[in-house]
Amino acid sequence: MSEDSVDLKALSRGDKRAWDRFASRYARVIFAAVQYRLGRWAPPDEVDDVAQEVFLRLCKADYRLLRAYDPARAALSTWLTVIATSAAIDHLRRRKAPELALDAVPEDSLAEEPRLQPAIRIPAGLLSPRQALVLELLYRRDLAVADAAEIMGVDRQTVRSMHHKALAKLRAHFRADEPEFGG
Amino acid sequence: MPEGNSKAADGPALWDRARTSILEALAAQAPNIDEADLAAYLDGDLDAGACARVEAALASHAESLELLIAAREALEAAPAAAPESLVARAQALAPARRPPIGDWTGRLAAALGALLEPRRGLAFAGLAAGFLVVSVAGFELGRAEVVYSSQVDRLLTQEFVGLIDRDGEDLL
């Protein structure tokens, strides 16, 4: 245990004192992640309830989730941040999407958009996963290079390099496959 | 290259045309990732192969990417102190467990704590009362048996003595 002053083994055996220490130590990590995702103007009760859901999930089924945590893979605070953020996102989705009967949905909203162009097949492996992720972040998510670099945990030059190589590969592929595109 | 010119003019169109096919291929080769995978990616503790697998999943699963982005932002943000009420509620989720056998002070504390709980105290009182009734009844029955046995013994003895008196030589 590096940053952790909590004995997770004792906790997963049902040691109440270990659980109390864990809750005291990591409540702020869970609370901060939930509050950040729900937004600073979210009602305090709502943030509390979602944070409490996270604790419930952690001790459910005899601390099954906590027993699955592997300290060799990530810091406990990082892992808890991901879990708390996931809970907050799920909460927002449930809040935004009331259930609708299928009959209540207009038929034209269920129709598929007609394909205007024939499906394009790109050879598997043309782009690496990292290159695809860079293009997805820059163009689909419309992030700046700096933000994409921060999210991927790499420096900006790496993102620029991946971006440049990926576009070069795509241009070359489309020029070869569809000469009219190369103009 | 200036930051503002990093994106290519034809970039959006190129990616739009290629995206579906590329992401379908990545989704086929990338299994769903879990919170542990994302946490390891965020901490930068993955080897090249594992990193590629996670990035394939991130590129092809919008929900995973959304979670990664949100978690990264949360990690970068300033921490917020949790209210005491949340800590107390969380701590109350785990019940007190029986202490290890060797810990007699823990057992004593647990037993006293159990008595102080209203429901458990009543149940314990009921059990104790039942045990007392059974014990007293058993004692009385046993005492009655002893009295009866001693009376029988006395009668038999008297009869035996009477037989001896009557006809001592034959009996012995």
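Q: What kind of model is it, and how are things numbered?
A: It is a predicted model, where local features need pLDDT of at least 70, side-chain atom pairs count only at pLDDT 80 or more, and totals for chains, interfaces and linings use all residues. Residues are numbered from 1 along each chain as its sequence is written, while chains are lettered from A and ligands numbered from 1 in the order in which they are written.

Q: What is the mean pLDDT of chain A?
A: The mean is 86, and 82% of the residues of chain A reach 70 or more. pLDDT is the predictor's confidence in each residue, from 0 to 100.

Q: Where is confidence lowest in chain A, and where is it highest?
A: Lowest in helix 5 (residues 107-110) of chain A, at a mean of 63. Highest in helix 6 of chain A, at 96. Where pLDDT is low, the predicted coordinates should not be read in detail.

Q: Back to helix 7 of chain A. Which of its residues are buried?
A: A:V145, A:A148, A:A149, A:I151 and A:M152. Buried means 20 or more other C-beta atoms within 10 Å of the residue's own, with C-beta atoms placed from the backbone; exposed means 12 or fewer, and partly exposed is in between.

Q: Why do they count as being on the same side of helix 7 of chain A?
A: Because they cover an arc of only 165° around the axis. The arc is taken over the directions from the helix axis to the C-beta atoms.

Q: What do the buried residues of helix 7 of chain A pack against?
A: Helix 6 and helix 8 of chain A, together with helix 4 (62-76) of chain B.

Q: How many residues does each chain put into the contact?
A: Chain A gives 55 residues and chain B gives 56. Two residues are in contact if their C-beta atoms, placed from the backbone, lie within 7 Å.

Q: Which helix gives the largest share on the side of chain A?
A: Helix 2 of chain A, with 13 residues. By type, the side of chain A that touches chain B has 33 nonpolar, 9 polar and 13 charged residues. Nonpolar covers Ala, Val, Leu, Ile, Met, Phe, Trp, Tyr, Cys and Pro; charged covers Asp, Glu, Lys and Arg; the others, Gly among them, are polar.

Q: New topic. How many residues are in the largest nonpolar core?
A: It has 82 residues, and those with the most contacts inside it are A:I30, A:V34, A:A51 and A:A84. Helix 2 of chain A gives the largest share of this core, 12 residues. Such a core is a set of buried Ala, Val, Leu, Ile, Met, Phe, Trp, Tyr and Cys residues joined through C-beta atoms within 7 Å.

Q: Why does A:L167 count as buried?
A: Because A:L167 has 23 C-beta neighbours inside 10 Å. A:L167 sits in helix 8 of chain A. Not counting residues up to four places away in sequence, A:L167 touches B:A8, B:G11 and B:L14.

Key. Helices (H or I, at least four residues) and strands (E, at least two) are DSSP runs, numbered from the N terminus.
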